[in-house]
Amino acid sequence: MLSGVFDNYWNQTETYEVLKSYIKLNYEGLKDAVVRMLAGDKVQINTGTFSNDMTSFQGKDDVLTLLIHLRYLSYHWPDKTVTIPNKEVSQEYINAISTMDWSEVTASVEASRLRKRNI
């Protein structure tokens, strides 16, 4: 850090593949939730359905709850919502979906980035 040269390390960890595998489950509404969070929105979640393991998923809320545990999402208790916690984690979501068949999501995220740069 003293040199002023540093970089994001997230994609060099095994959890990148974990994130990708959970997003690939694509429970109904999961894709929309990820897109909304990439746009900066909060997404409602019911954490009460989570069975506290990494294999038994009943739907979108279970996957999102696991992503809270893995620190890929921030949980806001007062309004029971989740968000992507920071720019580095947001970039990992983009990296994960860019290698999946979510081309419309990738295009939408890129268009949003371009709009923000031009503002």
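**A close look at the salt bridges**

A: Let's start with Asp-79, which is partly exposed, at 31% relative accessibility. Keep in mind that this is a predicted model. Asp-79 has a partner: its side chain meets that of Lys-42 in a salt bridge, with N and O 3.3 Å apart. This pair ties together distant parts of the chain, as the two residues sit 37 residues apart. Lys-42 lies in the loop between helix 2 (30–38) and strand 1 (43–44), while Asp-79 is in the loop between strand 2 (74–76) and strand 3 (81–83). Like Asp-79, Lys-42 counts as partly exposed, at 41%.

Arg-36 pairs up with Asp-41, and their closest N and O atoms are 3.9 Å apart. That still counts as a salt bridge because the cut-off is within 4 Å. Both ends are partly exposed here: Arg-36 has a relative accessible area of 40%, and Asp-41 comes in at 37%.

That leaves Asp-61 and Lys-60, whose side chains meet at 3.7 Å, N to O. Here the two ends fall into separate classes. Asp-61 has a relative accessible area of 19%, and it's called buried because that is under 20%. Lys-60 has 22% relative accessibility, so it counts as partly exposed.

Note on methods:
Residues numbered from 1 in each chain as written. Predicted model: local features only at pLDDT ≥ 70, side-chain atom pairs only at ≥ 80, totals over all residues. Heavy atoms only, no water. Buried < 20%, exposed > 50% of the residue type's maximum accessible area, 1.4 Å probe, protein only. Helix = DSSP H or I, 4+ residues; strand = E, 2+ residues; numbered from the N terminus.
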